[in-house]
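Thanks for making the time this morning. I would like to walk through one part of a model with you, so please have the sequence and the coordinates open as I go.

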Amino acid sequence: MGGSDQWGNIVSGVDLIRRTDQKTVYGLTTPLITTASGAKMGKSAAGAVWLSPDKLGAYPYWQFWRNTEDADVGRFLRLFTDIPLPEIARLEALGGAEINDAKIVLATAATAMVHGQAAADAAAETARAVFSGQAAEGLPVVEIPAAEFGAGLPAFALFAKAGLAASNGEARRLIRGGGARLDDVVIADEATVIAPKAEMKLSAGKKQHVLVKVEG
């Protein structure tokens with residue numbers, strides 16, 4: 001059993017069992033889940049999520065579903081929640097900015113199924129607070145030892161170390177594009193040295209936020 005992209009491996013396994021054990025077995029594939037843009041949803045895809053809270057907390061899990069493309073909202077509500085179909089039909093019919101309300105419902109319902117209702121509600125409240133510029137409580141925490149921070153880190157290095165960019169180069173491009181913020185203030189220069197302090201909120205674009213804590 002596997003995704004349709006594993007058809008070749010499954011057929012090879014069926015043939016191997018036939019040759020070695022002289023038995024007849026069957027393979028079963030299911031269609032891959034893709035987004036409206038055609039991107040595959042899977043563990044090897046960029047930005048893939050984990051179900052285990054040890055791998056990914058409730059807030060980034062909630063944010064993953066909140067970032068769903070408009071065209072996918074109705075389908076994902078049917079696939080990943082147990083919301084009644086008449087309510088899903090109402091939600092997917094929303095247009096303009098109101099589609100964001102449907103995305104919040106999707107994110108909260110999907111997160112509740114994995115992390116529990118309390119964690120889902122807390123994630124939704126954290127997102128609301130972050131969007132309105134309030135405190136960073138509830139955000140994913142990244143701990144950086146004081147020894148690694150030293151007297152300070154270049155902004156691009158800090159964003160890469162915090163996981164908001166896949167590499168120093170990507171972090172530089174993020175800052176050059178005006179998408180990097182420290183405590184809600186835009187960082188204008190990628191080489192700006194960020195001095196260590198107990199806590200600081202880093203943001204990449206409007207939807208990715210972490211709370212950096214300097215330890216030791």
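Leaving out residues up to four places away in sequence, Asp72 touches Thr35 and Ala36, where contact means heavy atoms within 4.5 Å. Before I go further, a word on the basis: this is a predicted model, in which local features need pLDDT of at least 70 and side-chain atom pairs count only at pLDDT 80 or more, while totals for chains, interfaces and linings use all residues. Residues are numbered from 1 along each chain as its sequence is written, and side-chain values use heavy atoms, with hydrogens and water left out.

Asp72 sits in the loop between α2 and α3; helices here are DSSP runs of H or I with at least four residues, strands are runs of E with at least two, and both are numbered from the N terminus. Is Asp72 buried or exposed? Asp72 is buried, with a relative accessible area of 2%, on a scale where buried means under 20%, exposed over 50%, and partly exposed in between, using a 1.4 Å probe and protein chains only. Its side chain reaches the backbone nitrogen of Ala36 at 2.8 Å.

Helix α2, residues 58-66, is mostly covered, with seven of its nine residues buried, namely Ala58, Tyr59, Tyr61, Trp62, Gln63, Trp65 and Arg66. What covers these buried residues includes α3, α5, α6 (117-131) and β9 (208-215).

Of those partners, I will take α6 now. The axes of α2 and α6 come within 9 Å and cross at roughly 70°, the axes being lines fitted to C-alpha atoms over the stretch in contact, with angles running from 0 to 180 degrees between N-to-C directions. That makes α2 roughly perpendicular to α6, since angles of 65 to 115 degrees are given that name, those under 35 count as roughly parallel, those over 145 as roughly antiparallel and the rest as oblique. On the α2 side the contact is made by Ala58, Tyr59, Trp62 and Gln63, and on the α6 side by Ala119, Ala120, Ala123, Ala124, Thr126, Ala127 and Val130.

The next pair is α3 and α5. Helix α3 (residues 73-80) and helix α5 (residues 99-115) pack at an angle of about 20°, with their axes 10 Å apart, and that makes α3 roughly parallel to α5. Val73, Phe76, Leu77 and Phe80 of α3 meet Ile99, Ala102, Lys103, Leu106, Ala110 and Met113 of α5.

Lys103 is buried, with a relative accessible area of 7%, and a polar atom of its side chain lies 2.9 Å from the backbone oxygen of Thr68. If we leave aside neighbours within four places in sequence, Lys103 is in contact with Trp65, Arg66, Thr68, Glu69, Asp70 and Val73.

Finally, Thr108 also has its place in helix α5, and Thr108 is buried, with a relative accessible area of 14%. Which residues does Thr108 touch, not counting those up to four places away in sequence? They are Trp62, Gln117, Ala120, Asp121 and Ala124. The C-alpha atoms of Thr108 and Ala204, which are 96 residues apart along the chain, are separated by 22 Å.

Terms used: Polar contact = N/O pair within 3.5 Å; in protein donor to acceptor, adjacent residues only side chain to side chain.
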